[in-house]
Amino acid sequence: MNSETIIINKQTWDEEAERFFGRNPLPEYGPLAPTEEDIKLFNHIQGKKVLDIGCGSGHSLLYMHNKGADELWGLDLSKTQIHTAEKVLSNCPSVQLFEAPMEANPGLPENYFDIAYSIYAIGWTTNLQQTIMNIHSYLISGGAFIFSWEHPLYNRVKQAGTELLFQHSYHEEGFYDH
Ligand SMILES: C[S@@+](CC[C@H](N)C(=O)[O-])C[C@H]1O[C@@H](n2cnc3c(N)ncnc32)[C@H](O)[C@@H]1O
């Protein structure tokens, strides 16, 4: 886990949280992405224990509640996002929220969840391998992990009038300042 980066990211997400209130949550998968209604990746949400990685303002968990999920669990790096999610989910029973980085287990039960998902959040991890290993440990055998992230072109191309301009190489990977 890259602690210095996580501290900077946490502060930034606290500052930016308001801009992301209910922005592209389920049934959307993020900006310019198809929706759950189009691609139907989740079947049988009813009665399931679900975990949202990077739950933001809680709107995707609210979607899960409205689809009949039994237990709603979420984690997010940002204190502001967790406070907002608490309010958004205040009428839902069985909600457990953690203010924590996805790179570490903040006390989530292992071998417990039917479904883990992450909507437009997992790309901000500083340690993808550890994050995926954590998520695997939370799931029951045969559980599902569904995630979305932006297409690599999304932040490489800028619209300038009627033209689309490449600002960065399509092939560049790794960390960058945002
Ligand atoms: C674009 S928002 C998506 C929110 C939410 N998934 C939704 O569907 O509305 C990205 C979220 O990821 C969270 N995040 C960023 N880095 C994180 C990390 N390392 N661990 C946990 N959450 C993180 C941010 O605080 C933010 O709430």
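**A ligand site and its surroundings in a predicted model**

F147 lies in strand 5 (residues 139-148); here helices (H or I, at least four residues) and strands (E, at least two) are DSSP runs, numbered from the N terminus. The model is predicted, so local features need pLDDT of at least 70 and side-chain atom pairs count only at pLDDT 80 or more, while totals for chains, interfaces and linings use all residues. Residues are numbered from 1 along each chain as its sequence is written, and side-chain values use heavy atoms, with hydrogens and water left out.

With a relative accessible area of 47%, F147 is partly exposed; buried means under 20% relative accessible area, exposed over 50%, and partly exposed in between (1.4 Å probe, protein chains only). Leaving aside neighbours within four places in sequence, F147 is in contact with S118 and I122, where contact means heavy atoms within 4.5 Å.

In the side chain of D76, an N or O atom is 2.6 Å from an oxygen atom of the ligand. At M102 it is a backbone N or O atom that lies 2.8 Å from a nitrogen atom of the ligand, and at E103 a side-chain N or O atom is 3.0 Å from a ligand nitrogen atom. On its own the ligand has 600 Å² of accessible area, and the protein covers 98% of that; accessible areas come from the Shrake-Rupley method with a 1.4 Å probe, and for residues only the protein chains shown count as cover.

At the N-terminal end, S78 caps helix 4, with a side-chain oxygen 3.2 Å from the backbone nitrogen of T80.

T80 itself sits in helix 4 and, at 31% relative accessibility, counts as partly exposed. Beyond neighbours within four places in sequence, T80 is in contact with D14 and A17. The side chains of T80 and D14 are joined by a polar contact of 3.1 Å. A polar contact is a pair of N or O atoms within 3.5 Å; within protein, one must be able to donate a hydrogen and the other to accept it, and residues adjacent in sequence count only if both atoms are side-chain atoms.

S57 is found in the loop between strand 1 (49-53) and helix 3 (59-66), and at 6% relative accessibility it counts as buried. A polar atom of the S57 side chain lies 3.0 Å from the backbone nitrogen of G22, and the S57 side chain makes a polar contact of 2.7 Å with the side chain of H59. In helix 3, H59 is buried, as are S60, L61, Y63 and M64. Their cover includes helix 2 (36-39), strand 1, strand 2, helix 4, strand 3 and strand 4 (113-119). After helix 3 comes G68, with a positive phi near 95°.

Finally, the loop between helix 1 (3-16) and helix 2 holds P27, which a cis peptide bond with omega of about 10° joins to L26. N24 lies in the loop between helix 1 and helix 2, and its phi is positive, near 55°. L32 lies in the loop between helix 1 and helix 2, with a positive phi near 60°. N24 counts as partly exposed at 21% relative accessibility, whereas L32 is exposed, with a relative accessible area of 80%.
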